[in-house]
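Grab your viewer and work through these exercises with the model open.

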Amino acid sequence: MAEDKTELEDSSRPEFWDVRYASGETPWDFHGVPAALKAFLKASQPRNVLIPGCGAAYEVRAFHETGWNVTAIDFSRVAVERARSELETLANRVVQGDFFTHDFCGKRFDTIYERTFLCALPPRVWPAYVNRMTELLRPNGKLVGIFLYGEEYEPPPFPLNADKTRELFEGNFSLIKMLPVSDSLPLFAGKEFWQEWLLA
């Protein structure tokens, strides 16, 4: 029983997220596509993109409709079922699997989109996150998306700060754009930034 409890309390485990999606306890759910991503898509040449920890995967349709070849992945069975139900004909774009171990058959991506994935992971997992990004991005690929900053109260989420960001990304990535997010949920207001990181 103790092991089951640990899994249900550990946000690096799929069981943690299965319970929350199944119960509707999803205060991070934006129920749409953020304005910063819409602006990015409007200004960018369509390529191929990976969305890790995609959850309900609202952004899959946005990428697809602007010409991108999009793959999304989540290890929560309940989240994937929900995403596939919402996406209908695009359901096959969502893979159930562990971002850190899934076999993408040697495929590398031009862009990886970050949205409440890093901050959902305990900080002990963050170095593995950066390593996996460097493995899956093509040379000069970009890690783009919305990153959460601030103080840690009752995690998750686990927010970043300037020191943690520098420690994580320095040497592997260069920050080429950073803008405040204008349409955050109240839970994240004033704490989210759109960032674009170029693989060094």
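**Exercise 1. A loop residue**

Is L118 buried or exposed? Work it out, then find its neighbours.

Solution. A bit of housekeeping comes before the steps. The model is predicted, so local features need pLDDT of at least 70 and side-chain atom pairs count only at pLDDT 80 or more, while totals for chains, interfaces and linings use all residues. Residues are numbered from 1 along each chain as its sequence is written, and side-chain values use heavy atoms, with hydrogens and water left out.

Step 1: find L118 in the loop between β4 and α6. Helices (H or I, at least four residues) and strands (E, at least two) are DSSP runs, numbered from the N terminus.

Step 2: take the relative accessible area of L118, which is 2%, so L118 is buried. The cut-offs are under 20% relative accessible area for buried, over 50% for exposed, and partly exposed in between, with a 1.4 Å probe and protein chains only.

Step 3: list contacts (heavy atoms within 4.5 Å). Leaving aside neighbours within four places in sequence, L118 is in contact with W126, Y129, F147, L160 and F169.

Step 4: L118 and F158 are 40 residues apart along the chain, and their C-alpha atoms are separated by 7.9 Å.

**Exercise 2. Aromatic pairs**

Classify the ring pairs F40–W68 and F104–F109.

Solution. Rings of Phe, Tyr and Trp (its six-membered ring) pair if their centres lie within 6.5 Å; planes under 30 degrees apart are stacked, over 60 edge-to-face, and the rest tilted.

Step 1: run the search over the whole structure, which gives 14 aromatic pairs. For F40 and W68 the centres are 6.1 Å apart and the planes sit at 40°, so this pair is tilted.

Step 2: F40 belongs to helix α3 (residues 35-43) and W68 to the loop between α4 (58-65) and β2 (69-74), so the pair links distant parts of the chain, 28 residues apart. F40 and W68 are both buried.

Step 3: do F104 and F109. At 5.6 Å centre to centre and 90° between the planes, this pair is edge-to-face. Both of these residues, F104 and F109, are buried.

Step 4: look for a cluster. F40, F63, W68, Y113 and W194 form one.

**Exercise 3. A helix pair**

How do the axes of α6 and α7 cross?

Solution. Step 1: recall that two packed helices are described by the angle between their axes and the distance between the axes.

Step 1: α6 (residues 126-136) and α7 (residues 162-169) have axes that come within 9 Å and cross at roughly 45°. That makes α6 oblique to α7. Axes are lines fitted to C-alpha atoms, for helices over the stretch in contact, and angles run from 0 to 180 degrees between N-to-C directions. Under 35 degrees is roughly parallel, over 145 roughly antiparallel, 65 to 115 roughly perpendicular, and the rest oblique.

Step 2: name the residues that meet. W126, P127, Y129 and V130 in α6 meet K164, L168 and F169 in α7.

**Exercise 4. Positive phi**

Where is E88, and where is T116?

Solution. Step 1: E88 is in the loop between α5 and β3 (94-96). E88 has a positive phi of about 55° although it is not a glycine.

Step 1: T116 is in the loop between β4 and α6, and its phi is near 55°, a positive value in a residue other than glycine.

Step 2: check accessibility. E88 is exposed, with a relative accessible area of 60%, whereas T116 is buried at 19%.
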